[in-house]
Amino acid sequence: MKQFLIKLSLFFALFFIVDKAFILLRNSSPEREADKRLEQLLLGEMNHDIVVLGSSKSARGILAGEIEKMTGKSTYNLSYPGGDICFQEFILATLLEKNEKPETVILSIDEIVQFKDQVSLNFRMDRMYPLVKYPEIREELFRLGEKNELLSDLFILHQLSIYNFDLRQKHFSRLDSISSNGSMPISFQKQALDWDLKDDLKPYKIENEVEGKLQCFLDLQNSCLANDIELIIVFIPTFKKFNELFYQRFLELVDPKVRVFRYEAADNPFENKNYYHDLTHLNQKGAKLYTELLTEEVLLE
C-alpha cells in the first residue's frame, strides 16, 4: 500500500510539472489570431467616441470609417459575426472596465432571432479561448460555467480548449477581413439565391424567448444609461419583409431615453437586391448607403 501511494504521489507530481509546460501554449495562443480586436479591448487600446456592437449584420452593414469621416469622431466597429446579445454585453462591459467610455454606442438588433436560443447566434467561445491567458477571460469562463475556478487554479490544462491546440497561424478570408476601423464589409454577391422579396411574417412567441438573453439586453441598455452613453439601436435592412410583431415586442423593452432607428421611406432603396451580399446582409455598396443614411438622420441630427 505504501509503495502504491508513493507511485501515485510521483505520478501527480510529474503531471503537475508537465502541466505547467502548457503555460507556453496558453500564452502563445493570442499571437496566432488574425482578429486582434478583443485582445486590444483587454489591453485598453479601444478608446473611441463611437462604438458599434452587434453580429454579422452590423459587422457587414455599418462602415465605421464612413461614420468617422462624416462626423469627425473616432469610430470603431466591435461587431462579431455569430455573436449573440450576451457576447455583445460582455464586449461592452470589458470596454467600460478597460478603456475610456465612448460617447455613443450603436447596437444592431437581429430582429426575430434576437432573444431566441439560436444556433447561428451564440457566445463566441472561439474568440475567448485563444485569450485565456488573460485573467478577465478566465473569470468570464467561470461565470458562464465553462470552466471550474479551482481546477483552473491548479491545472493550466484545464484552462485550455481545442482552440488552443490549433497551432496554425490564422488568416482572414474573403468573408472576415477586417478594415482599420473594425468593420467587415463584403464586396461580392452570393450566387444562386432566390431574390423574390417574400413576406415571411411568422408569429412571434414571447414564450420562446430565453430569459438570459433578455437580461443581457437589459444589462447592456442599463450600462449605457448609467454611464451617460448615448445608446442608438438600429435595425439594418434585409432582403425580407420586416417583422412588425417582433418590433412591437422589442419596443416594450426599450427605455424612453434610448433612440431606435429603423429606416423607412416610400421609395426604399433597400428593396433593391443589388445592395445585398445575401438575403440578410448588405454588401459594401449597401453598407455605404445605409451608413450614410444612419449618420445623416441620427448621428448628425
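Predicted model: local features only at pLDDT ≥ 70, side-chain atom pairs only at ≥ 80, totals over all residues.
Figure 1. Ala192 counts as exposed because its relative accessibility is 82%, and the cut-off for exposed is over 50%. The residue is found in the loop between α10 (156–159) and α11. Its backbone is also worth a look: the phi of Ala192 is near 60°, a positive value in a residue other than glycine.

**Figure 2. Glu111, a buried loop residue with positive phi.** Glu111 lies in the loop between β3 and α7. Although Glu111 is not a glycine, it has a positive phi of about 50°. Is Glu111 buried or exposed? Glu111 counts as buried because its relative accessibility is 14%, and the cut-off for buried is under 20%. Glu111 also belongs to the lining of the second largest cavity, which is the subject of Figure 7.

**Figure 3. The whole chain, for orientation.** The protein chain has 13 helices and five strands. Its C-alpha trace spans about 85 × 45 × 40 Å along the principal axes. Of the 301 residues in the chain, 47% are buried. Among the contacts with a separation of 6 or more, 80% are between residues 24 or more positions apart.

**Figure 4. The open sheet of five strands.** In what order do the five strands stand in the sheet? The order is β2-β1-β3-β4-β5, the sheet is open, and the pairing is parallel. At the edges stand β2 (75–77) and β5 (259–262); each has a single partner strand, so one side of each is left without a neighbour in the sheet. On average, neighbouring strands of this sheet are turned by 20° against each other, with direction ignored. β4 (residues 230–235) and β5 run parallel and are joined by four bridges. In β5, Arg262 stands opposite Phe235.

**Figure 5. Strand β3 and its two neighbours.** β1 and β3 run parallel, joined by four bridges, and Val52 stands opposite Ile106 in β3. The pairing of β3 with β4 is also parallel and extends over five bridges; here Leu107 stands opposite Ile233 in β4. Why is β3 described as largely enclosed by the rest of the structure? Five of the five residues of β3 are buried, so the strand is largely enclosed. In a regular strand, side chains alternate between the two faces of the sheet. Both faces of β3 are covered: one side has Thr104, Ile106 and Ser108, the other has Val105 and Leu107, and all of these are buried.

Figure 6. Helix α11 (residues 211–226) lies across β1 (50–53), β3 (104–108) and β4. The helix runs at about 140° to β4. Helix α13 (residues 284–299) also packs on the sheet, where it touches β1, β3, β4 and β5. The direction of α13 makes about 140° with that of β5.

**Figure 7. Two cavities in the structure.** How many cavities of 30 Å³ or more does the structure hold? There are two. The largest cavity has a volume of about 50 Å³. Its lining includes Pro30, Glu33, Asp35, Arg127 and Leu131. Helix α3 (residues 37–42) gives the largest share of this lining, three residues. By class, the lining of the largest cavity has four nonpolar, no polar and six charged residues. The second largest cavity holds about 40 Å³ of space. Lys57, Ile109, Asp110, Glu111, Phe235, Ile236 and Thr238 line this second cavity. Three of these lining residues are nonpolar, one is polar and three are charged.

**Figure 8. Val132, a buried loop residue.** Val132 sits in the loop between α7 (125–128) and α8 (135–143). At 1% relative accessibility, Val132 counts as buried. Which residues does Val132 touch, not counting those up to four places away in sequence? They are Arg26, Ile137, Arg138, Leu141, Gln159, Leu160 and Asn164. Val132 and Lys69 are 63 residues apart in sequence, and their C-alpha atoms are 35 Å apart in space.

Key:
Residues numbered from 1 in each chain as written. Heavy atoms only, no water. Pairing = 2+ DSSP bridges. Axes fitted to C-alpha atoms, helices over the stretch in contact; angles between N-to-C directions. Contact = heavy atoms within 4.5 Å. 1 Å grid on protein atoms, 1.4 Å probe; cavity = no way out; pocket = protein on both sides within 12 Å on 5 of 7 lines; lining within 4 Å. Points joined across faces, edges and corners; volume = space filled by probe spheres on them. Nonpolar A, V, L, I, M, F, W, Y, C, P; charged D, E, K, R; others polar. Buried < 20%, exposed > 50% of the residue type's maximum accessible area, 1.4 Å probe, protein only.
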